[in-house]
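Trainee: I would like to go through the labels used for this model and see what stands behind each one.

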Amino acid sequence: KTYTMEGGQGAVGHDTRGVIPRVAEEIFSYIEESSNSASRFLVRASFMQIYNEQLQDLLHPAKQGQPRQPLKIREVPAGIYIQGLSESVVKGPQDMMELMRIGSQHRKTASTQMNWHSSRSHALFSVIVEHSGVSTVSKKKIITIGKLNLVDLAGSERVKESGAEGERLGEACKINSSLSALGKVILSLTTRGKGKLHVPYRDTKITFLLRDSLGGNCRTTLITNVTPAAMSYSETLSTLRFGNKAKSVRNDARINQDMSEQGLLLAYERELKKLRDELARTGGKETSPDNGRLQVLECELKGAQEMNEQVQQTLKEREEEIESTRREKDKLRDKIRAMEQQLLVGGTHVQEMPEFREAVREVEQEVGRQFEERIRLLEKERERERSEKEQLWR
C-alpha cells in the first residue's frame, strides 16, 4: 500500500513513482495550462499520521528526546479542522515530493514476521488548491477550493502470523479496530437509503477525518492491495468484499465555490462595495435625516457637560467642608490644652490631677467620635458624587 501511494524514491517522472508523485505532476500541469492574467492559484500540503489513535504532524515532529504532542480535531461549520497541523505552500511537484520524503522519514514503522518494514500508523497526505478567477458567464470574480486526501491505511494484521508482542501488539489492536470501524462506516453508507440514518464516523480518528471523503461532498477512489499467497486467503477475500461494498457508496460532489471560511475574498469585496456605496450615499442630500440625529446628540452632549460642571462644583464644596471640619477639631484640641495649662488647684496644674485628666479624656473621645462621624459622612457623600461623575462620562 505504501509503495502504491509513494512509489520508488526516484525523481519526479520516474516509472516507479506512486500515486502522490503522479498527483503532484497532474495538479501543476493543470495549473500551468489554465493560468492566465485573471487566474491565481495557491497550493498547500500537509502530512500527518494516526498512530495509536493519536494525530501527529509528520512535517514538524517533536524534538529529539521529547514526546510527540498529539494534535486535536475541531469541527467547524466549514468541515473538519486539525488544530496545530502545519501546512506548507508548494510551488511545484518537487516541493510536494520533498514534503512526502520528510514526512515518510518520521512515520512510525517496525519489523514483524510478516513484513520487515510494516507501517504502524495510517498516513494522510492532504493537498488544498485554491483558485481565484473571473466567471465567463457573470464576469464576476469567483473562488473555488478543492481538497485532495491521499490516504495510506495500515494493513489489518493477524497477531498469530505476525508474531506481534508488547508495543507491536498494542499497535496491531488499534489498527485492526480502526479498520473495523471503517468497514462499519462503509456498511452504514450503503444502507443509508434503506432506513439506516446513523453513520458511526466518530468511532475512530480515521473515520472522523475522512467523513467528507467517504460520504460527503467528494469523489472517492479506493485502491485495494491483495496478495495471491494461500496463507492470506481470508484477508484477501475480506479486502475484496470491502472494496466491492465501497463501490456501492454514492456521493453527490459539488464545486466548492465561495463556501469555505478560507476563501473569503468575495465576501470582503462585497462588504467593501457596500461600504463605498454607503459613503457615496451619505455624501449627498440624503444626509439630512442624519443631521437631525446629530443635533440631538450635540444637545445631549452639551447637557452632560453642564451636569458634569455642577457635579465638580459640589464635589469641591464637600472637600472644602471636610477640610474646615478637620481644622475646627485641631483648634478645639489646642484650646483645651491652653486652658489646662492656665488652671491651678492647690498649687498643682489641673492637667496633672488624675480626675481632671480622666474627664478631659472622656470629653476628647466624645468630641473625636462626633468629628470622625461627621468626616465619615462627608467622605461618603464625596465618594457618591465622584461615582455619579464617572457614570456621567460613561
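Mentor: Start with Glu167, which is placed in helix α5; helices (H or I, at least four residues) and strands (E, at least two) are DSSP runs, numbered from the N terminus. This is a predicted model, in which local features need pLDDT of at least 70 and side-chain atom pairs count only at pLDDT 80 or more, while totals for chains, interfaces and linings use all residues. Residues are numbered from 1 along each chain as its sequence is written, and side-chain values use heavy atoms, with hydrogens and water left out.

Trainee: Why is Glu167 called partly exposed?

Mentor: Buried means under 20% relative accessible area, exposed over 50%, and partly exposed in between (1.4 Å probe, protein chains only). Glu167 has 47%, so the residue is partly exposed.

Trainee: What is Glu167 in contact with, leaving aside its neighbours within four places in sequence?

Mentor: With Tyr51 and Lys108. Contact means heavy atoms within 4.5 Å.

Trainee: How do you know that the crossing of α5 and α8 has a hand?

Mentor: A crossing is left-handed if the near helix is turned anticlockwise from the far one by less than a right angle, and right-handed if clockwise. Helix α5 (residues 167–190) and helix α8 (residues 233–246) pack at about 35 degrees, with axes 9 Å apart, and α5 passes α8 in a left-handed crossing. Axes are lines fitted to C-alpha atoms, for helices over the stretch in contact, and angles run from 0 to 180 degrees between N-to-C directions.

Trainee: Which residues make the contact between α5 and α8?

Mentor: Leu182, Gly183, Ile186, Leu187 and Thr190 come from α5, and Phe242, Lys245 and Ala246 from α8. They divide into 5 nonpolar, 2 polar and 1 charged. Ala, Val, Leu, Ile, Met, Phe, Trp, Tyr, Cys and Pro count as nonpolar, Asp, Glu, Lys and Arg as charged, and the others, Gly among them, as polar.

Trainee: Where is Glu235, and which residues does Glu235 contact beyond four places in sequence?

Mentor: Glu235 is in helix α8, and its contacts are Ser156 and Arg158. Glu235 and Ser156 are 79 residues apart in sequence, with 8.0 Å from C-alpha to C-alpha.

Trainee: Why is Cys218 classed apart from Cys173?

Mentor: Cys218 has 12%, under the 20% limit, and is therefore buried. Cys173 has 45% and therefore counts as partly exposed.

Trainee: How many disulfides does the structure hold?

Mentor: The structure holds 0. A disulfide is a pair of cysteine sulfur atoms within 2.5 Å.

Trainee: What makes the phi of Asn52 worth a note?

Mentor: Most residues other than glycine have a negative phi. Asn52 has a positive phi near 55 degrees, and Glu53 has one of about 65 degrees. Asn52 lies in the loop between β1 (40–51) and β2 (54–57), and Glu53 lies in the loop between β1 and β2. At 29%, Asn52 is partly exposed.

Trainee: What are the figures for the protein as a whole?

Mentor: There are 11 helices and 11 strands, and 31% of the 394 residues count as buried.
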